[in-house]
Amino acid sequence: MNYTFDFSPVLAAWPTLLEGVIGTLRMSSLSMVFGLSLGIVFMLMRLSNQKVLRIIAIGYIELIRNTPILVQVFFVFFGMPAIGIRLSGEQAAILAMTLNCAAYAAEIVRGGVQSIRPGQIEAGRALGMHTADIYRFIVFRPAIRAVYPALCSQFILMMLNSSLVSSVSAEELTYFAQTLDSQTFRSFEIYLTLGVIYLVLSQFFSAALSMIGRVYFSYPAK
């Protein structure tokens, strides 16, 4: 093997890679916030007594969960201009990841909500609590506590899947790594470093989110 390892181009490009990390975290965080919010809406529709709302929610969830996220990204970026909606790479990436996250978040949160015993809601009503307070303190907060680990895993998975949006020129970590590769032809060094960065990010956020969960959901389960 005559290949000579040289990480100097990677070290010289750390400011660019850092910019990519920031882009990845920005898009992933926005998509998670928007996706969770939209997911709660679809979860409520999924549990609604209105058949039409249930059918719409089930159809959306099944469509998104049974198609590749890369296809969804391509549809938003390349397909939507056909109906007059043109988005930048980053806008398309955030929209596609939001729609993808919403479908998974809806099912995750639904599982948490359905784990709440009806007697707890009835007890809240017996105490004279307003409907909004019942859903806030008796339904949603315990439900989120129950599914918090799954939501954390969903965020980390989405952060890793964000590497796919480089295919529509969204400026995140993988996009900058590919650009650097085309300039230096140091594929081994660049993609090894890229993998290490994603590993560090995953481990960091896994630990950080776990610590936040222990602090925020430290009250007794029962």
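On a 1 Å grid over the protein atoms alone, a cavity is a set of points where a 1.4 Å probe fits but cannot get out, and its lining residues have an atom within 4 Å of a point. Grid points are joined across faces, edges and corners, and a volume is the space filled by probe spheres set on the points. Searching the whole structure this way finds 1 cavity of 30 Å³ or more.

Before you start clicking: this is a predicted model, where local features need pLDDT of at least 70 and side-chain atom pairs count only at pLDDT 80 or more, while totals for chains, interfaces and linings use all residues. Residues are numbered from 1 along each chain as its sequence is written, and side-chain values use heavy atoms, with hydrogens and water left out.

**Stop 1: the cavity**

Select Val10, Leu17, Ala177, Leu180, Ile190, Thr193, Leu194 and Ile197, which line the largest cavity. The space inside is about 40 Å³. Helix H8 (173-184) and H9 each supply at least two lining residues, and H9 gives the most, with 4; helices here are DSSP runs of H or I, at least four residues, numbered from the N terminus. The lining has 7 nonpolar residues, 1 polar and no charged ones (Ala, Val, Leu, Ile, Met, Phe, Trp, Tyr, Cys and Pro count as nonpolar, Asp, Glu, Lys and Arg as charged, the others, Gly among them, as polar).

**Stop 2: a nonpolar patch**

Stay with helix H9 (residues 187-216), which gives the most to a nonpolar surface patch, with 4 residues. Select Tyr3, Phe5, Phe7, Leu11, Trp14, Phe188, Leu192, Val196 and Val200 to see the patch, about 860 Å². Its members have over 30% relative accessible area and no salt bridge, with nonpolar side chains joined within 5 Å; areas come from the Shrake-Rupley method with a 1.4 Å probe. Now pick Val200 in H9: this valine is exposed, at 52% relative accessible area (buried is under 20%, exposed over 50%, partly exposed in between).

**Stop 3: salt bridges**

A salt bridge is a side-chain nitrogen of Lys or Arg within 4 Å of a carboxyl oxygen of Asp or Glu, and the whole structure has 5. Select Arg46, Arg65, Glu107 and Arg110, a linked network of them. Arg65 meets Glu107 with the closest N and O atoms 3.7 Å apart. That pair links distant parts of the chain, from helix H3 (residues 51-65) to helix H5 (residues 89-114), 42 residues apart. Arg65 is partly exposed at 36%, whereas Glu107 is buried at 17%. Arg110, buried at 16%, also bridges to Glu107, at 2.9 Å.

Finish at Arg186 and Glu189, paired at 3.3 Å, N to O; Glu189 is buried, at 0%.

Technical notes:
Patches are made of residues with over 30% relative accessible area and no salt bridge: like charges are joined within 9 Å, nonpolar side chains (Val, Leu, Ile, Met, Phe, Trp, Tyr) within 5 Å. Buried means under 20% relative accessible area, exposed over 50%, partly exposed in between (1.4 Å probe, protein chains only). On a 1 Å grid over the protein atoms alone, a cavity is a set of points where a 1.4 Å probe fits but cannot get out, and a pocket is an open set with protein on both sides within 12 Å along at least five of seven lines; lining residues have an atom within 4 Å of a point.
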